[in-house]
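The following exercises are to be worked through with the sequence and the coordinates at hand. Each task is followed by a stepwise solution.

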Amino acid sequence: MHCPFCRHSDSRVVDSRTSDDGASIRRRRQCPQCNRRFTTVETASLSVVKRSGATEPFSREKIINGVRKACQGRPVSEDDLALLAQRVEESIRSTGSAELDAYEIGLTILGPLRDLDEVAYLRFASVYQAFSSLEDFEAAITVLRAERDSAEDHTDQELTESAESAQS
Ligand SMILES: [Zn+2]
C-alpha cells in the first residue's frame, strides 16, 4: 500500500502482531523513501447490507447499541453486552460470508441474547420479528419454556449418569 505521508508506492513490514482475539493482524510498516512508520490492521472483510441497500462495515458497537435498549432494567452488564457482540461476530465470521444483510445479523443476535436474558430476548424478538399480538408473545414464550425444560431434562440425565458411575 501507499505510504500515507509521501505516497510512495511501497512499504516494508517491520513488525506483525495478531490481536488477542485472533481476529486481526496489526503490521508496523516503514516507508523506504521517507523512512516514516505507520500501522495497518488486517481483518477479514465483513460488511452489512442495510435495508436501504447501502453497505457499512460490521461493527460490534452497533450490535451492542441495538441490544442495549432491550436490556434496560435487566441484570445485564456492559461486559455481558461486549461478550454477546463478540459471540455474534464470531458466529458470523464462522459462516465465511463477507457480506450479510441486517436481518441475518438480527437472527444471529437472538441465540446469544436468549442465553443472556430471556426478558431482553423477548423484547428484542418482538421488535425484530415484528410481533403483532399477544399470541406472538405466547408462541415465543412456549418455545422458550420447551427449550428450558429439555435443557433441564438433559441436566437430570447427566446427573443420573454421573451418580451411576460413582456407584460402580
Ligand atoms: Zn513515505
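**Exercise 1.** In this predicted model, identify the contact at the start of helix α4, the buried residues of the helix, and the residue that follows it.

*Solution.* 
Step 1. At the start of α4, a side-chain oxygen of Asp117 lies within 3.1 Å of the backbone nitrogen of Val119.
Step 2. Helix α4 spans residues 118–128. Taking buried as under 20% relative accessible area, one finds Ala120, Tyr121, Leu122, Phe124, Ala125, Ser126 and Tyr128 as the buried residues of this helix.
Step 3. Ala130 follows α4 and has a positive phi, near 50 degrees.

**Exercise 2.** Determine the strand order of the open sheet and explain why β1 and β3 stand at its edges.

*Solution.* 
Step 1. The sheet consists of three strands in the order β1-β2-β3, with antiparallel pairing.
Step 2. β1 (12–18) and β3 (37–43) each have a single partner strand, so one side of each has no neighbour in the sheet.
Step 3. From one strand to the next, the twist averages 25 degrees.
Step 4. Strand β2 (residues 24–30) is joined to β3 by seven bridges, and the two run antiparallel.

Note on methods:
Residues numbered from 1 in each chain as written. Predicted model: local features only at pLDDT ≥ 70, side-chain atom pairs only at ≥ 80, totals over all residues. Heavy atoms only, no water. Buried < 20%, exposed > 50% of the residue type's maximum accessible area, 1.4 Å probe, protein only. Helix = DSSP H or I, 4+ residues; strand = E, 2+ residues; numbered from the N terminus. Polar contact = N/O pair within 3.5 Å; in protein donor to acceptor, adjacent residues only side chain to side chain. Pairing = 2+ DSSP bridges. Axes fitted to C-alpha atoms, helices over the stretch in contact; angles between N-to-C directions.
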